[in-house]
Amino acid sequence: MANRIMLNQTSYHGAGAIAEIANEAKAHAFQKAFVCSDPDLIKFGVTAKVTELLEKEGLAYEIYSDIKANPTIDNVKNGVAAFKASGADYIIAIGGGSSMDTSKAIGIIIANPEFEDVRSLEGVAPTKKPCIPIIAVPTTAGTAAEVTINYVITDVERKRKFVCVDPHDMPIIAVVDPEMMASMPKGLTASTGMDALTHAIEGYTTKAAWEMTDMFHLKAIEIISRSLRGAVANTKEGREGMALGQYIAGMGFSNVGLGIAHSMAHTLGAVYDTPHGVACAMMLPIVMEYNADCTGEKYREIARAMGVEGVDQMDQETYRKAAVDAVRRLSEDVGIPAKLEALKEEDLPFLAESAHADACAPGNPKDASIEDLTALFRKLM
Ligand SMILES: NC(=O)c1ccc[n+]([C@@H]2O[C@H](COP(=O)([O-])OP(=O)(O)OC[C@H]3O[C@@H](n4cnc5c(N)ncnc54)[C@H](O)[C@@H]3O)[C@@H](O)[C@H]2O)c1
Ligand SMILES: [Fe+2]
């Protein structure tokens with residue numbers, strides 16, 4: 001089977017990149033923007049950095065902000081109704097994964113109304129038309145939803161998050177401007193950054209990985225490990241590195257998939273509302289240890305990309321441990337806890353079954369049984 005690569009039509013990178021939004025809107029002859037952004041971003045004036053530009057250029061827009069972190073089916077349904085009432089012809093998604101994922105689901109349903117129940121979009125849904133054009137402007141450096149064909153929605157009633165994989169949702173334009181991320185507090189910078197590292201490492205070791213995606217993932221691991229501590233300290237180099245590193249990880253994993261660190265993180269997000277990046281960071285070293293014997297030489301390259309010295313002189317056991325240790329050290333240095341207090345023994349059967357059914361699980365290099373997943377969750381206690 002051929003390997004497929006899908007990316008944005010156009011992407012802009014670097015400080016000040018948001019200035020290109022108005023140029024692109026005009027070049028596409030868009031008439032009115034439906035700006036999707038969450039309430040905190042509006043409160044902290046992050047969304048305004050873009051809407052002020054639109055106003056200056058005389059471009060019409062309307063804001064939709066009924067979006068919570070780990071966005072829900074209702075957030076999507078309300079957004080579809082608001083879009084229909086707005087008269088808009090494109091979406092500007094401003095925010096983290098939650099705002100961008102909600103935008104994708106809205107854009108898909110407007111173009112493919114037969115999926116208006118939202119749940120039927122789970123997995124690889126047979127949509128027929130590309131979504132409403134999206135210009136995606138990330139404000140976290142983590143999910144890379146601006147360049148992925150995935151989005152994740154929470155089903156509150158059934159206590160689960162579901163992953164939708166659909167090439168029709170790819171934003172036509174990504175505007176990756178580190179200045180949009182500078183207002184992130186330390187904890188959010190750390191957790192979203194660890195999400196990006198998890199994408200790079202799971203994407204590198206997933207079953208469908210191949211030479212071109214390995215290139216993206218190894219480069220992403222290198223840039224993220226070099227930049228995350230600086231980003232948490234809010235240095236310019238750190239912010240720039242994380243903006244780029246997380247995007248490069250997205251160029252890879254979107255095209256090949258992830259693994260069970262993400263399956264388990266989705267479950268923790270749905271059951272305890274654990275922030276996605278925190279859940280990923282907690283699971284990553286535990287899952288790396290579990291997967292090690294199915295990853296060939298790959299952990300040597302992960303250790304090398306993370307700056308571990310002398311990896312060529314190490315035997316397999318040593319470089320595998322060095323890679324996991326480097327991940328643990330980075331996670332600790334940026335202040336992520338290793339244990340999840342909310343986790344209860346009686347929840348384990350539901351958690352393990354839910355993670356087993358998650359769309360990311362089949363990509364894991366080792367097939368994890370429900371018993372394996374239970375044992376891995378228990379390590380968080
Ligand atoms: N589409 C994908 O490929 C993909 C990949 C990974 C994760 N996800 C999903 O993305 C969601 C998580 O997204 P996220 O981690 O980017 O966070 P988020 O979008 O949920 O935002 C978390 C919080 O951070 C705040 N915030 C965001 N940017 C800020 C900034 N610059 N300054 C101050 N506050 C800011 C938001 O207002 C919000 O309160 C989860 O639902 C996850 O499952 C999607
Ligand atoms: Fe993620």
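Some ground rules. The model is predicted, so local features need pLDDT of at least 70, side-chain atom pairs count only at pLDDT 80 or more, and totals for chains, interfaces and linings use all residues. Residues are numbered from 1 along each chain as its sequence is written, chains are lettered from A and ligands numbered from 1 in the order in which they are written, and side-chain values use heavy atoms, with hydrogens and water left out.

Domains to begin. The protein splits into domain 1 (10-181) and domain 2 (186-378). Those bounds come from an automatic or database domain assignment. Their C-alpha centres sit 25 Å apart. Domain 1 puts 25 residues into the contact, and domain 2 puts in 27. Contact here means heavy atoms within 4.5 Å.

Now the record. An unreviewed UniProt entry places "domain: Fe-containing alcohol dehydrogenase-like C-terminal" at residues 189-380. UniProt positions follow the numbering used here, feature names are shortened, and annotations may be inferred rather than shown by experiment. In the model, residues 189-380 are 69% helix and 0% strand. Helices (H or I, at least four residues) and strands (E, at least two) are DSSP runs, numbered from the N terminus.

On to helix 8, residues 236-256, which holds Ser-254. Is Ser-254 buried or exposed? Ser-254 is buried, because its relative accessibility is 6%. The cut-offs: buried is under 20% relative accessible area, exposed is over 50%, partly exposed is in between, with a 1.4 Å probe and protein chains only. Beyond residues up to four places away in sequence, Ser-254 touches Val-147, Thr-148, Ile-149 and Asn-150.

Next, helix 11, residues 298-305. Tyr-299, Arg-300, Ile-302, Ala-303 and Ala-305 are buried there. What do they pack against? Helix 6 (186-205), helix 7 (211-232), helix 10 and helix 12. Just past helix 11, Gly-307 has a positive phi of about 90 degrees.

Helix 12 carries Val-327. Val-327 counts as buried because its relative accessibility is 0%. Setting aside neighbours within four places in sequence, Val-327 contacts Met-194, Leu-197, Ile-201, Leu-284, Pro-285, Met-288 and Met-306.

Now the second largest pocket. It holds about 170 Å³ of space. A pocket is an open set of points on a 1 Å grid over the protein atoms alone, where a 1.4 Å probe fits, with protein on both sides within 12 Å along at least five of seven lines; lining residues have an atom within 4 Å of a point. The volume is the space filled by probe spheres set on the points, which are joined across faces, edges and corners. Among the lining residues are Met-282, Pro-285, Arg-328, Glu-332 and Lys-379. Helix 10 (276-291) and helix 12 (316-333) each give two or more residues. Helix 10 gives the most, with four.

Last, two loop residues. Most residues other than glycine have a negative phi. Ala-144 has a positive phi, near 60 degrees. Ala-144 sits in the loop between strand 5 (134-138) and strand 6 (150-155), and is buried at 0% relative accessible area. Lys-159 also has a positive phi, about 50 degrees. Its loop runs between strand 6 and strand 7 (160-165). Lys-159 is partly exposed, at 47%.
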